[in-house]
Amino acid sequence: PGHALVIGAGGVSSVAVHKMAMNPDIFGTVTLASRTLSKCDAIAASVKDRTGETVATHQIDADDVDATAALIDKVKPDLLVNLALPYQDLTLMEACLKTGVPYLDTANYEPKDTAKFEYSWQWDYQDRFRDAGLMALLGSGFDPGVTSVFASWLKKHHFDRIRTLDILDCNGGDHGQAFATNFNPEINIREVTAPARHYENGDWVETPALSHKQSFDFPEVGEKNMYMMYHEELESLVTHLPEIERARFWMTFGDAYLTHLEVLQNVGMTRIDPITYQGQEIVPLQFLKAVLPEPAGLGATTKGKTCIGDIATGTPKGGGDEITKYLFNVCDHEEAYRETGNQAVSYTTGVPAMIGAAMMLQGTWSGTGVFNMEQFDPDPFMDMLNKHGLPWEVRDLDDPLKF
Ligand code: NDP
């Protein structure tokens, strides 16, 4: 069994660390390090309680490459699992290169001062990882992550050619708060307020944020409004499945959430440029995060289910008339909470992070360089989803999406 060093101690990390501890045959040792040691200790205590396994904890500022490299040298992990924030991706990749350790994350790098979502910064590390003989696996969460593996599984088993791909992310959960975000509020709000972008006939088409609304009847959740957004897996999917003519991403939002967001935006509270208040520099969005409920604290009261999946239309294997397939997972907030003490949004990200780490530690997925999820054989990953709490289902749809 291998040794994983997990960085970050939020909701996603909590789920991943619990799940690693539940699989000691794969993860012989798990070490957890983050900015706030007490949060690491709280996760370690819960893991001990639920599984009997011991997780060693350390304090680390992952923005500091030298300090992180020193920690890696001390702990000697076989893999670094980055479950801190996207801002730390590049410093952690640097620390891995410095110490010769493979790397995994769940979200692509973003600079703090511009809400810009693209893989270019991390893809630029391709040569350095390859030359160092190391593997970096990007985006091993649900979306990106499972949605990317879903696309490659559909392609491998059902399609000669995928013509259109839609990723639908529905959170039918209710946390009982007037306004809260299900994961890090700063990251969440930056993503939602950014312009929508989808891929069509070789070009990216940009439209204003939240301007495309559709209703969709989600399995086990029911009818919800969803909005077209940009999401990072679109960029890697159209790169690795260049046959795709149109790729879009949709996410559900309730009316109350959107109304709150509109007000916050109108009054300037979602700005990411610093303002001076009483002689101190404050980034309004970071201040907003400080007054909103902690996503990790919502678990106990959240009810309902998430349903996330891919709808693909294209030519079936062996040719013939076009077919449409819908491949999805449904995850129950309360069941997720019972298992690891975290709600389904953290659960659906933390479980695939554990599975991606297992793929790397066991050598099931291997290579040198920087990789996205859809570049590997989807089957072993899909098997583990079924076994570790995120079972999936595939359905035939009579028609392609009509919108
Ligand atoms: P949280 O905000 O709950 O947790 C982030 C953790 O990272 C916190 O413990 C935080 O420390 C720590 N951290 C932040 N900065 C540093 C630093 N400089 N050094 C060390 N630790 C640091 O986030 P989530 O758990 O919700 O999300 C974790 C990651 O997962 C994010 O990158 C997010 O974008 C991604 N994600 C991916 C999804 C997917 O499907 N692919 C879906 C949801 C999330 P502190 O406690 O001190 O603040």
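**Close-up views of the ligand shell and nonpolar core**

**View 1. Composition of the shell around the ligand.** The shell residues divide into 15 nonpolar, 13 polar and five charged; here Ala, Val, Leu, Ile, Met, Phe, Trp, Tyr, Cys and Pro count as nonpolar, Asp, Glu, Lys and Arg as charged, and the others, Gly among them, as polar. The model is predicted: local features need pLDDT of at least 70, side-chain atom pairs count only at pLDDT 80 or more, and totals for chains, interfaces and linings use all residues. Numbering runs from 1 along each chain as its sequence is written.

**View 2. Residues and elements around the ligand.** The ligand is surrounded by 33 residues, with Gly-8, Gly-10, Val-12, Ala-62 and Gly-141 the closest (C-beta atom, placed from the backbone, within 6 Å of the molecule). Helix 1 (11–21) and helix 13 (344–361) each supply at least two shell residues; helices are DSSP runs of H or I, at least four residues, numbered from the N terminus. Helix 1 gives the largest share, three residues. Domain 1 (2–138) and domain 2 (146–341 + 387–397) both contribute to the shell, so the ligand lies between them; the bounds come from an automatic or database domain assignment.

**View 3. The largest nonpolar core.** Of its 110 residues, Ile-7, Val-81 and Ala-136 touch the most other members. Such a core joins buried Ala, Val, Leu, Ile, Met, Phe, Trp, Tyr and Cys residues through C-beta atoms within 7 Å, buried meaning 20 or more other C-beta atoms within 10 Å of the residue's own, with C-beta atoms placed from the backbone. Helix 13 gives the most to this core, 12 residues.

Terms used: Buried ≥ 20, exposed ≤ 12 C-beta atoms within 10 Å, placed from the backbone.
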